[in-house]
Amino acid sequence: TAADGEGALGSAARPEKKDVLFGNGPLGMEIVWGDPPVVAAVAEGGAARRAGVEAGDVILAINGRGLSQTAEYELDDTVRQRPLRLVLAPPVVAPEAASGSSPGAALAAVVRRQGVSVVPA
């Protein structure tokens, strides 16, 4: 509830962070470089899917560096490095967004995870 500091997101439990290590080859995912970056799509059978990455996951760190420590122009080069380690946090989505009619409704909704909000433009 709002009195508990939960706001409109209810009392959903916070999922665990994911620490994912990628070897050589394509990642098999599309990233939207926002603040913070969010996984927009994951390819079937790709490395990201096999590692448990899901669309909507929020990227918290790349190769051990928090994103506040990485300049935006460095991000594309950084994600091409192998091995590549990502720390991801699954989003907590407002219940009304999760029941949207389009497949991207949950991702297009306000997402809150680890005190970080992603608001679509």
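Reply: Two strands pair if DSSP finds at least two bridges between them, and strands are DSSP runs (E, at least two residues) numbered from the N terminus. This is a predicted model, where local features need pLDDT of at least 70, side-chain atom pairs count only at pLDDT 80 or more, and totals for chains, interfaces and linings use all residues. Residues are numbered from 1 along each chain as its sequence is written, and side-chain values use heavy atoms, with hydrogens and water left out.

Me: Which residue of β6 does I62 stand opposite?
Reply: Strand β4 covers residues 58–62. It is joined by 4 bridges to β6 (residues 84–89), and the two run antiparallel. In that pairing, the β6 residue opposite I62 is L86.

Me: And which residue stands opposite I62 in β5?
Reply: β5 (residues 65–66) also pairs with β4, antiparallel again, over 2 bridges. Their hairpin has 2 residues between the strands, and N63 takes a positive phi near 50° there. Over in β5, I62 faces R65.

Me: Is A61 buried or exposed?
Reply: A61 sits in β4, and it touches G66, R85, L86 and V87, leaving aside residues up to four places away in sequence (contact means heavy atoms within 4.5 Å). The cut-offs are under 20% relative accessible area for buried, over 50% for exposed and partly exposed in between, using a 1.4 Å probe and protein chains only. Since A61 has 13% relative accessibility, it counts as buried.

Me: How many of the 5 residues of β4 are buried?
Reply: β4 is largely enclosed by the rest of the structure. That's because its buried residues number 4 of the 5.
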